[in-house]
Amino acid sequence: MLNGIGSSVLRNLIASNAVVTPAVNNKSAQNALTAQASTKVTFSEASDAIAAIYKIEPAQVKSSVDVTSSLQAQLNGAAHASGVGMNGLGSTLLNNLASNRGDVTLSVPVTEALNGAQSSSQSALALTITTQSGVQVSLQMTRQQGGMVVELKTSGGQLSNDEAAAMGQLSAGLQKALDGLDGSTTKLDISDLMKFDSSVLKSVDLKTDLRNGNNVTQSLNLHADDQARWLGFHNGDVSIKLDTDVSKLTQAGSVAQQAAALDQWSSKFDQAASRGHGDRDMLTLFKDSFRALNTTEGKAAESINTQRVKSIDANAAKNGAISGLADFSASYQQTPVSGNPYKPE
């Protein structure tokens, strides 16, 4: 199913000097996105959740548990890190839910771990996982001038064994996404985060924010549940918005049709970016995110597929007819670059 996406996205990819003002489809709050013509595209994903994390004063927060030597090494490495991954701390705490359901607070004051670190660099992360029973697990991490704090809290009840196990299974997917964001070449692999067990978990929300002083240099806003998936991403090179409606998967095609449709869109994005001299790394990030949000065959298998959908010929997608996907919208805006020294405009 298509939702008026083709022409707008392809035009944005081709027109390298076009500047638009996209808006992230946040169902709870529309975040402001701005574009600066002739310089670069920027927007802020600094939601209320991120703003609240930055209000934490690390120097005044004490750890709630005794820190083992291995965890202390992780803490020190996270405090000196420059990205949002925090040296795998979040992944470790999620994985530990199977054996430890209690709330955890870990802190490293500036005097212990941040001497010599760039005080202007700071980061924040907010992960919220809600179970079908209504229990909510919240992971907050921040690294700023006063030090570093990591908090894991559970509210709305106690996690069952199945719920704790399902969250632990997301730990590797979380770290894969964060490692990509922290790499020398920015990547965004959210594919494993989209594979959570929907019979146990209701929704997953991930927000990250990286700043140099007051300047937001990179941000991510990701949401997934059984009704919708959406993503907003920004750095100095690109602004991306993706939104997929997964509430009516009986309208989507089979696994083969979906795979063929995704390949067709990938090819069209490549062609448009080639004509518009698009950034190869940022286009890969966009395509990977697009594929992850629109790969729903696991969900589709749970729904009742109609005879109309079953009758669709998978070869039609392979031959150029794009079908098999749920309704989606997308926006890609690359920072304009003056690549011709004789024509700086």
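Reader: Is the crossing of H8 and H9 left-handed or right-handed?
Author: The crossing of H8 and H9 is right-handed; a crossing is left-handed if the near helix is turned anticlockwise from the far one by less than a right angle, and right-handed if clockwise. Helices (H or I, at least four residues) and strands (E, at least two) are DSSP runs, numbered from the N terminus. This is a predicted model, in which local features need pLDDT of at least 70, side-chain atom pairs count only at pLDDT 80 or more, and totals for chains, interfaces and linings use all residues. Residues are numbered from 1 along each chain as its sequence is written, and side-chain values use heavy atoms, leaving out hydrogens and water.

Reader: At what angle do H8 and H9 pack?
Author: Helix H8 (residues 255-275) packs with H9 at an angle of about 160 degrees, and their axes are 11 Å apart. Axes are lines fitted to C-alpha atoms, for helices over the stretch in contact, with angles from 0 to 180 degrees between N-to-C directions. H8 is therefore roughly antiparallel to H9, a term for angles over 145 degrees.

Reader: Which residues of H8 meet H9?
Author: Among them are Leu262, Trp265 and Phe269 in H8, which meet residues including Phe286 and Phe290 in H9. Contact means heavy atoms within 4.5 Å.

Reader: Turning to the sheet, what is the strand order?
Author: The order is E3-E6-E5-E4-E7-E8-E9-E10-E11, an open sheet of 9 strands with antiparallel pairing. Strands pair if DSSP finds at least two bridges between them. Strand E3 (104-109) and strand E11 (328-334) are the edges, each pairing on one side only.

Reader: Which strands does H9 lie across?
Author: Helix H9 (residues 280-294) lies across E8, E9, strand E10 (238-245) and E11, at about 15 degrees to E10.

Reader: How many residues has the largest nonpolar core?
Author: It has 66 residues, and Leu89 and Leu231 have the most contacts inside it. H9 gives the most to this core, 7 residues. A nonpolar core is a set of buried Ala, Val, Leu, Ile, Met, Phe, Trp, Tyr and Cys residues joined through side-chain atoms within 4.5 Å.

Reader: What does Leu89 touch?
Author: Beyond residues up to four places away in sequence, Leu89 touches residues including Leu71, Leu106 and Met148.

Reader: And Leu125, buried or exposed?
Author: Leu125, in strand E4, counts as buried because its relative accessibility is 0%. Buried means under 20% relative accessible area, exposed over 50%, and partly exposed in between (1.4 Å probe, protein chains only).

Reader: How far is Leu125 from Leu178?
Author: They lie 53 residues apart in sequence and 9.9 Å apart in space, C-alpha to C-alpha.

Notes
Parallel < 35°, antiparallel > 145°, perpendicular 65-115°, else oblique.
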